[in-house]
Amino acid sequence: MCRSCKYGECTVTITKQSRKWFVALLFLAGTVSAQTDHVEVRTLADYAFGTYISAGSVQLENDHCVSSANSLNPNPPKSGQRYPYRLGVTGDGSDSSYYLYLDGNTAETGNRRVTIRFMHTDILEDAGMYHELFDSTYETHSHLGQFRNCVQNGSNSRLRIEINADELAAKTSGNYSGTFGISSLGGYSGTALDPGFSFFVSLTIASASEVQISALDAINLGSYAGNGSITASESFCVYSTALNGAYNIAITSTNQDASGNFFLVKDATGAKINYALTFVDSSVQQPYLEVGTSSLSGVGNNTAVDCGGQNNAAIAVNIQEQALLAAETGTFSDSIVLLVQPE
Amino acid sequence: MKKITKSFFLLSTMASAFAIAQTQDGSLGATSTGQIDLDLQVLDSVEITSLNSIDFGTYGAGNTGAINQGDSFCVYRNGGDGYTITPTSSNGSFELAGTDSNADTIEYTVRLNGAATGASSASAVSYNAASSTFNGSVFRDCSSTDNASIDVNIAEQEIRDATTDTYSDTLILLVNPI
């Protein structure tokens with residue numbers, strides 16, 4: 001008898017000299033070709049998100065091989081069959097969510113840890129249908145595994161990490177990381193376990209440019225009794241940490257029409273008084289610019305949040321005499337909204 | 001002769017209270033939003049312009065019947081809203097007074113209308129009483145088109161009863177916003 005074995009499966013050749021042992025060999029052959037309860041999670045690369053600066057939601061995905069079969073042979077004999085597998089990812093185990101921690105310190109909470117989501121799909125089977133994973137729990141949806149090393153069809157398992165923009169925006173700047181374990185249940189028994197390995201996830205949240213508009217006061221246009229136009233202005237402070245203090249300002253009002261015209265409105269009747277609104281950045285030599293539907297640019301103070309007590313921008317309101325003369329008696333008002341962002 | 005002095009009345013009513021609006025500074029962040037509130041109190045405003053003197057001319061033996069003369073003028077009212085006119089005179093009643101120290105007077109009646117013509121057909125207005133309500137122009141010069149008128153009528157017998165003299169009065173038209 002000659003016996004050769006590979007990947008745990010044996011081929012037995014019966015010679016003339018050993019015919020007398022045929023029955024026994026048949027028994028032996030049946031024994032050595034018994035199924036192998038195989039499941040294996042192959043290497044998964046680390047996830048490096050890099051530096052995040054106010055760029056919305058982010059996600060990264062890596063593909064790898066998960067085999068689940070009754071054979072260890074990458075190219076198994078006809079008797080080889082593939083079996084379902086279920087993936088599991090473990091985090092710190094604090095709850096069902098997954099977290100990245102500031103400086104990798106798992107004691108951090110609140111705005112010093114980032115919640116992430118693991119989403120799994122079998123790209124050879126699920127056609128992009130992702131299933132969310134939860135800490136220390138094997139997914140409830142099983143997938144058909146490949147033969148060992150996915151030699152026949154390529155990588156089948158795709159694990160995506162998703163991080164919501166709101167989650168990122170609310171966190172302290174710094175380096176976040178976490179170590180996670182990945183494992184799988186499967187094999188022909190469905191309970192074979194590959195404890196897998198760990199992988200690393202890293203993310204840096206950078207401090208984005210910041211702005212602040214302050215020193216704003218209401219503009220009291222007074223009482224109008226029928227003589228002349230009205231002009232009033234209000235100066236304020238714009239702080240911006242963008243390069244050279246550059247900022248963009250969008251000036252709007254709920255009473256503004258689609259063409260960008262501004263109006264004071266008498267609430268009781270809806271009567272309107274049109275007014276012109278202009279903006280000036282007093283940090284640079286420029287005239288007052290008419291405010292319409294487009295935002296404007298300015299240069300803010302980039303060293304002192306309060307502009308050192310020196311306001312560096314202003315708006316001016318001008319109401320033509322005829323618009324005032326034609327207005328009905330009463331109180332007219334408007335609220336000007338100034339949205340500043342780094343530029 | 002009766003004279004209407006060109007008059008200007010600008011009536012304003014102060015607001016009882018002026019609401020101070022809320023204003024809000026922005027906070028430090030990726031964006032910052034501030035708010036500036038505007039408030040304006042528009043007061044009642046009226047103005048009467050383009051008034052001219054009314055000259056009744058002379059009335060003698062060759063004249064008969066009542067005489068009436070009028071004038072058109074401009075009334076501005078903010079918002080183009082309503083107004084009334086309360087007429088009074090420097091003589092204390094609707095009467096022309098002699099200028100040569102005689103005691104005779106010539107009574108007259110006054111009619112007002114909220115258009116450049118048609119006052120002669122309107123109802124007479126009592127002394128120091130408000131007229132009907134008219135609507136003013138939103139333009140102080142009424143776009144050079146008068147929008148109100150007055151008619152002054154003297155009955156023939158009033159003239160016949162009067163000593164020879166020159167008679168005059170100054171009508172005062174007080175415009176009241178409604």
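Two residues count as being in contact when their C-beta atoms, placed from the backbone, lie within 7 Å. With that in hand, let's walk through this predicted model, starting with chain B. Among the contacts in chain B with a separation of 6 or more, 78% join residues 24 or more positions apart. Chain B has 13 strands and one helix, and along the sequence they run β-β-β-β-β-β-β-β-β-β-β-α-β-β. Of its 178 residues, 33% count as buried.

Now turn to the place where chain B touches chain A. Chain A gives 43 residues to this contact and chain B gives 37. On the chain B side, strand E2 (residues 32-42) supplies the largest share, 11 residues. Sorted by class, that side of chain B holds 15 polar, 15 nonpolar and seven charged residues.

What does strand E2 of chain B pair with in chain A? The partner is strand E24 (residues 330-342) of chain A, and the two run antiparallel over 11 bridges.

Next, the nonpolar cores. In soluble globular proteins, nonpolar side chains tend to be buried together. Here the largest nonpolar core has 36 residues, and A:Val238, B:Ile36 and B:Leu38 touch the most other members. Leaving aside residues up to four places away in sequence, B:Leu38 touches A:Ile219, A:Leu221, A:Leu264, A:Val317, A:Ser333, A:Asp334 and A:Ile336. Another core, of 31 residues, lies apart from the largest one, and its members include A:Tyr85, A:Ile116, A:Ile182 and A:Val201.

Methods:
Residues are numbered from 1 along each chain as its sequence is written. Chains are lettered from A and ligands numbered from 1 in the order in which they are written. This is a predicted model: local features need pLDDT of at least 70, side-chain atom pairs count only at pLDDT 80 or more; totals for chains, interfaces and linings use all residues. Helices (H or I, at least four residues) and strands (E, at least two) are DSSP runs, numbered from the N terminus. Ala, Val, Leu, Ile, Met, Phe, Trp, Tyr, Cys and Pro count as nonpolar, Asp, Glu, Lys and Arg as charged, and the others, Gly among them, as polar. Two strands pair if DSSP finds at least two bridges between them. A nonpolar core is a set of buried Ala, Val, Leu, Ile, Met, Phe, Trp, Tyr and Cys residues joined through C-beta atoms within 7 Å. A residue is buried if 20 or more other C-beta atoms lie within 10 Å of its own, exposed if 12 or fewer, and partly exposed in between; C-beta atoms are placed from the backbone.
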